[in-house]
Amino acid sequence: MSSLDIRNLEIHVEGKPIVKDFTLNVPKGEVHALMGPNGSGKSTLAKALAGHEDYQIVAGEASLNGQNILKMEVDEIARAGLFMAFQYPSEIPGVSIANFIRAALTARLADNEELDAARYYRRLYEKMDLLKIDRKFTARSVNEGFSGGEKKRCEILQMAMLQPHFAIMDETDSGLDIDALKIVSHGVNTMRGPDLGILLITHYQRLLDYIVPDKVHVMWDGRIVRSGGKELALELEEKGYDWVKEEVAVV
Amino acid sequence: MSNASTLERVSAKAAKSITSSEAFQNHLESLENAPKWLIDLKTEQWEQFSSLPMPTPKSEAWRFARTGNLSLDKYQLSSDLTPSEIEDAQKNSHLIESYSGKMVFANDQLVEKKEATASLSQAGLIWAPLAKAINEHGSLLRKFLLTFTPDLGSEKFQALHGALFSNGSFLYVPVGMEVTLPFVAYHEICGHGAAVFPHTLIIADAGAKVHLVDIFQSTGANTKNFACGMASIFAGAGAQVSYQAIQEWNLETLSFHLNSVSAERDADVQTVTVNLGSHQTRSEQHTCLSGPGSNVDNFSLSVPTGNQEVDQRTLQTHKAPSCRSNMLYKNALMDDSRTIFSGLIKVEESAQQTDAYQTNRNLLLNGSAEANSLPGLEILANDVKCSHGATTGELDKEQLYYLLARGITRKKAEELLVFGFFEEVFSHLENDELREHLNSWIGKKFHVDPPTGNPVTNS
Amino acid sequence: MPATIEQETTNHSIDFDREVGNFKYKEDYSYDAGTGLNEDTVRYISGVKDEDEWILNFRLKALKVFESKPTPTHWASKDLESIDYSKIRYYLSKGQQPSRSWDEVPDDVKETFERLGIPEQERKFLAGVEAQFDSEAAYSNMKARLAEEGVIFVGSTEGLKEHPEIFRKFFGKVIPTGDNKFSALNSAVFSGGSFIYVPPGVHVKQPLQAYFRINAENFGQFERTLIIADEGAEVTYMEGCTAPKFETTTLHSAVVELVALKGARIQYITVQNWSENVFNLVTKRGMAMEDATIKWIDCNIGSRLTMKYPGVILKGRRARGEVLSIALANNGQHQDTGAKMIHAADDTTSNIIAKSISVGQGRSTYRGLVQIPKHLKNCKNNTECDALLINTNSRTDTYPAINVRGNRNSVQHEASVSKVSTEQIFYMQQRGLSEAQAMSLAVNGFVNDLIREFPMEYSVELKRLIDLQMEGSVG
């Protein structure tokens, strides 16, 4: 039951089907990579699972640890333990990172509980150090004026602080130079363990050199067309996505 | 303060409406040892007030504003204060506890004063109630008093202020003096029907640095009042002036705040205005870049609820070359409230190398709230960088989604975004005590249940 | 009849443009309402046109409104006060019926339009042409195929006579007589202009064009245009205009009403190149019903004072309104232009892009209105105004008004003022361009994204006009 379980999911955007008959199970403790060319529906899948209203789920099921998430509000899904690391994180002017993460943690407490401020800052600084984020960033507005790399590190910081059961990481490697990629990967690898399942969405194999997946799935035209071990990613890198397209066409 | 005592007092003295010439005559007589120039000035202003017409819905300078409720007949200049009124005013006046000097006015009468330190006074700084300064520093005052008025449509009310003002704070900072802690003036209004005309005059001489905060409040929540204030800032060459005005009159008050800034060569002025109170407030700001290299920022935040109207008219006049001015007016509107922002950047022919910006951002937190923008430019020089922007909309959908996706509840997420919207103005307050008070006042405003039943938005 | 040409020779340092239109023919009119305006003038015009009683009454009522309305100098230019309505001639015609063939057009009139290139353009790329000479159309023709599809394209005089059942239903409904002083004036003395009706589902692929020519001094041209695109129909209309240079002022005050019914599309393109003694005070507005689109492309290069704010009333759900505007103000000119977007239904979208260039002592002004009332939701407006100042005494103003209520509406207005950077000019000069050429290139670059929206033939002409305006502007 401890898994992110997606069955026969069909997602529409502005009335058009983008994800079709998509089925995938990510057990807790595993890292799965979802690869595919641009437009294959990877990001649509991610945003829809996180409850974005522009994406209509018209068929299928999705559950987190046995809990149906399709009927839940965006914030309920998040509190149920699903974390989404966005490809393009929003800028939130006027809301500092410290206040923002504190509000997110507070939302996970019961009504009579309060966050211990000293412990909170201790943990926050520890995670920031891990991700090599300057401590001054706590006072800065969320993502506002951040470089691409800073935004991605800020996503991982939030993930580290909120300790989800599952994380969907949408193109976390895009826009990162090699140094930033190493830092981010190190952060993610530190979090890896039996209590966390990760779905890693990426276009390139490069990220998988640093975060080695247990399984690799290839998405094409809204569905998974191949699954395999980490060697599948290398095969893809070598032969390109056209190879998958041809294979699909043959089938 | 008990209402009964107020009523008795008003009827006993049968105070005249501020629009009657008896009221003006009584006012002149009440001024002790007033110099002739002041009497002449006031008489001239009274004549202007009497001859100017009231604004009508057709007046261009009042476009989109309500003009139906501007009658002043029901207001009087208040006479003596009761001891309880004085006590209430003093009790209200503890928002900022680290200051260089403090004055508390109740109905334009000084009820408390904390002097500036002796070392500042001895070095030439003047921190005095205007009524006293007129006699003691007449020749200095006369050069500045009412010499630069905003003239943005409220000329009639401006003239009434000129005729009837009696007090306020006068701050003169001599050449090169830098004062770190702020001077704070509290202006309290007490009793039904009372009219006040608080005046603030800041003169910062060359190279001086100073900070003043004006706080406008009512001692009672339900008294119907009229406030017509004026704050004039004269920043000499290279002077740095920071001015903040917190308008928190009660919701029955009709208020005018007619402010001006004049910046000489290389002067640097920053103003922050926060509008929370009044059922209808007209806020005029005329900023004049009169010396080359000067720089002025005007920030404003208004948070109207219920059926409050905030009517803002601004003018940035660039007279000298190589100046920069920046205006940011933000409004967060709840319930059936209304705002008007009408701003103009005027760059004169001689003002080459001008940088001038003007931004109005309106956040509609309810479908019945109404935001009006009239952002204007008049550019007569060609080597300028000039822009204005006006946006009106609800909370950003994607930002809200991002917060929700972190597990923050919708209510809390909306609150975070709304306070985030204020931050761009609040970050310039430079005073943590004041920020905390403002946050709690605004928090209170938001948790009053609006008619739609949802505390933050009706979505 | 033999035509005598009176051409003025000019020795202006800036020799652009309007020289193309700066010639005139001797005046020879059979119908002349004389100078000045009173009830008799109105009755005379109506009489010449042999109009129905209701039209005469409409005109007389409008005259009263015109007389009662003050000149709007409390917000507009004081220059309006220099119009002397008693010195203007309100109706001049040769008594001609609009010809269907250029051969039947009187020689001097035909030559006028030939010099302006109208018959040639018609052959090349137009679906129909109407050519108005002072008060009345001299030529009006449309491709036969369109007539077979039920498209109507005639002068307004003819439209009122032949198609009253359609005309009357929409006439004066988008722009009421009392909208402003000049719409009232037009309603009293209107003559000429186009009447177009496109039946449901018909797409008129090539543009229809009207050309307005003022030939007589002290003349007032008051054309009235009404375009109706029925459900799902599409049409593009283009108008051009010129006048010779006179010593005295000339008045052009048109009213243009567009009606785009459900799903229809109307695109209205203006290239205004009046000579610099013309007061051009025009009211233009369209009404867009459900899923309809109205797009104004408005280009103002000529005239002494232009006041024109094309508008769209977005009356049906998902209706879309657009104004793309280019204004160029040179010495002695004031281009006071802008746009109005009145949202009146849910899910409506409007877009305004206005670019102005002020050269020499020219002055350009943007005035706008965006209105979204309380009961509406999901409406969007985006406005961008950019002004370019060329010389030290050029002037620009921006006066938008934005009024927003309702749910999930969003409005954005941005305006900027800049000059051509000296770095940019230096760079181009280093590549061997003269300063004026460099300036022209920079200015063309500034308006290029808007010019691309014009049909090819017009964008070439427009670029040429801008080049001519820029000559002599630097140095």
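1. C:Asp134 is buried, because 26 other C-beta atoms lie within 10 Å; a residue counts as buried if 20 or more other C-beta atoms lie within 10 Å of its own, as exposed if 12 or fewer do, and as partly exposed in between, with C-beta atoms placed from the backbone. C:Asp134 sits in the loop between β5 (128-133) and β6 (136-142) of chain C. Helices (H or I, at least four residues) and strands (E, at least two) are DSSP runs, numbered from the N terminus. The phi of C:Asp134 is positive, about 55°, although the residue is not a glycine. Most residues other than glycine have a negative phi.

2. This is a predicted model, in which local features need pLDDT of at least 70 and side-chain atom pairs count only at pLDDT 80 or more, while totals for chains, interfaces and linings use all residues. Residues are numbered from 1 along each chain as its sequence is written, and chains are lettered from A and ligands numbered from 1 in the order in which they are written.

3. B:Leu146 lies in the loop between α7 (138-144) and α8 (155-164) of chain B. With 19 other C-beta atoms within 10 Å, B:Leu146 is partly exposed.

4. Chain C as a whole has 11 helices and 26 strands. Its radius of gyration is 22 Å, close to the 23 Å that the globule rule gives for 475 residues, so chain C is as compact as a globular protein of that length. The radius is taken over C-alpha atoms, and the rule is 2.2 Å times the number of residues to the power 0.38. Along the principal axes, the C-alpha atoms of chain C fill a box of roughly 65 × 60 × 45 Å. Of its 475 residues, 55% count as buried. Among contacts in chain C between residues at least 6 apart in sequence, 81% join residues at least 24 apart; two residues are in contact if their C-beta atoms, placed from the backbone, lie within 7 Å.

5. Within chain C, C:Asn444 belongs to helix α10 (residues 435-451). This residue counts as partly exposed, with 15 C-beta neighbours inside 10 Å. Leaving aside neighbours within four places in sequence, C:Asn444 is in contact with C:Lys463 and C:Ile466.

6. Which chains share the most contacts? Of the two pairs of chains in contact, it is chains B and C. There, 34 residues of chain C are in contact with 32 residues of chain B. On the side of chain C that touches chain B, the elements giving two or more residues are β25 (395-404) and β26 (410-419) of chain C. The residues of that side divide into 11 nonpolar, 16 polar and seven charged. Here Ala, Val, Leu, Ile, Met, Phe, Trp, Tyr, Cys and Pro count as nonpolar, Asp, Glu, Lys and Arg as charged, and the others, Gly among them, as polar. Strand β21 (residues 384-393) of chain B pairs with β26(C) in the antiparallel sense over seven bridges, and B:Thr392 has C:Val411 as its bridge partner. Two strands pair if DSSP finds at least two bridges between them. By contrast, no contact joins chain A and chain C, whose closest C-alpha atoms lie 15 Å apart.

7. Strand β2 (residues 101-106) of chain B deserves attention. Six of its six residues are buried, so β2(B) is largely enclosed by the rest of the structure. Both faces are covered, with B:Gly101, B:Met103 and B:Phe105 on one side and B:Lys102, B:Val104 and B:Ala106 on the other. Strands of a sheet pair through backbone hydrogen bonds, either parallel or antiparallel. β2(B) pairs in the parallel sense with strand β6 (residues 183-189) of chain B over six bridges. With strand β3 (residues 109-114) of chain B, β2(B) runs antiparallel, joined by five bridges. β2(B) and β3(B) form a hairpin with two residues between them, and B:Asn107 in the turn has a positive phi of about 45°.

8. In chain A, helix α5 (residues 148-162) and helix α6 (residues 178-191) pack at an angle of about 10°, with their axes 10 Å apart. Axes are lines fitted to C-alpha atoms, for helices over the stretch in contact, and angles run from 0 to 180 degrees between N-to-C directions. α5(A) and α6(A) are therefore roughly parallel to each other; angles under 35 degrees count as roughly parallel, over 145 as roughly antiparallel, 65 to 115 as roughly perpendicular and the rest as oblique.
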